[in-house]
Amino acid sequence: MGSECKGHQPQDDGGVAPFVAKTFHMVSDPATDAVVCWGGASNTFLVLDPAAFSDFLLPSYFKHRNFASFVRQLNTYGFRKVDPDVWEFAHESFLRGQAKLLPLIVRKKKRAGAGAAGRELCEEEEEVRGTIQAVQRLRDERRGMEEELQAMDRRLRAAENRPGQMMAFLGKLADDPGVVLRAMVAKKEELAAAGAGGKYSSPDKRRRIGADAGRGADAADQAAQSRAVPFPLSNLGQVFY
């Protein structure tokens with residue numbers, strides 16, 4: 001987006017201030033409508049994405065990335081913010097298709113007196129501070145949305161992998177129906193041996209108990225296989241719940 005704007009920067013002609021001419025051209029360019037565009041009545045313009053506006057358009061037209069500085073410049077030329085919650089600005093001579101009115105947009109004359117200057121400075125500082133906070137909030141919101149999308153993508157990928165894992169388990173279960181039962185028996189014996197061994201058994205005795213349990217399990221497996229009893233499908237739900 002930035003490279004497109006650099007090749008179409010307007011020239012100052014007819015007594016139009018360079019800042020006003022560049023802003024008018026930037027707002028009128030259809031290529032930038034996703035970031036900045038004219039309002040519905042063609043007498044205001046809106047900055048729809050302040051972060052992208054600061055990162056791409058400002059460097060192309062004004063050689064900086066400071067959105068607060070841009071807003072401050074608008075104020076010096078008499079633009080006003082239309083809605084406190086939206087970055088929408090207006091000037092009576094800044095209208096869509098009315099470039100002939102642009103020479104009427106000039107800098108405000110400085111008010112005389114130290115008190116007036118102090119108040120003006122305080123107002124500008126307050127507005128700049130609010131602008132910076134708003135831009136930072138938008139960037140934080142965009143970063144949060146990106147992190148949320150990444151988390152959703154991870155959950156979606158995990159959900160897509162579950163059917164494959166389930167089919168692999170069912171295939172293994174079909175090949176060897178007794179695999180679940182043997183695993184449950186072995187786990188139960190392991191837990192029982194560990195619990196009993198921790199209180200009463202020596203390491204050698206625990207090893208003997210484990211070996212005897214393993215031989216008992218092997219004998220039970222051989223007997224189960226010889227009977228060739230299929231694993232009941234009604235027990236399948238108990239495996240997962």
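Leaving aside residues up to four places away in sequence, Ser93 touches Leu101, Leu102, Leu104 and Ile105, where a contact means heavy atoms within 4.5 Å. Ser93 belongs to the loop between strand E4 (86-90) and helix H5 (114-175), and Ser93 is buried, with a relative accessible area of 6%; buried stands for under 20% relative accessible area, exposed for over 50% and partly exposed for values in between, with a 1.4 Å probe and protein chains only.

The model is predicted, so that local features need pLDDT of at least 70 and side-chain atom pairs count only at pLDDT 80 or more, while totals for chains, interfaces and linings use all residues. Residues are numbered from 1 along each chain as its sequence is written, and side-chain values use heavy atoms, with hydrogens and water left out.

The protein has eight helices and four strands, which follow one another from the N terminus as α-α-β-β-α-α-β-β-α-α-α-α; helices (H or I, at least four residues) and strands (E, at least two) are DSSP runs, numbered from the N terminus. Four strands form an open sheet with antiparallel pairing in the order E1-E2-E4-E3, two strands being paired if DSSP finds at least two bridges between them. Strands E1 (36-38) and E3 (80-83) each have a single partner strand and stand at the edges, so one side of each is left without a neighbour in the sheet. Between E1 and strand E2 (residues 44-47) there are three bridges in the antiparallel sense, and Val36 has Val47 in E2 as its bridge partner.

The largest nonpolar core holds 32 residues, of which Phe45, Phe53, Phe70 and Phe94 touch the most other members. Such a core is a set of buried Ala, Val, Leu, Ile, Met, Phe, Trp, Tyr and Cys residues joined through side-chain atoms within 4.5 Å. Among the elements that give two or more residues to this core are helix H2 (18-28), helix H3 (50-62), helix H4 (67-76) and H5.

Some totals for the protein are collected here.

| Property of the protein | Value |
|---|---|
| Share of buried residues among the 241 residues | 26% |
| Share of contacts with a separation of 6 or more that residues 24 or more positions apart account for | 56% |

UniProt, in an unreviewed entry, lists residues 58-82 for "domain: HSF-type DNA-binding"; its positions are given in the numbering used here, its feature names are shortened, and annotations may be inferred rather than shown by experiment. Over residues 58-82 the chain is 60% helix and 12% strand, with the end C-alpha atoms 21 Å apart.
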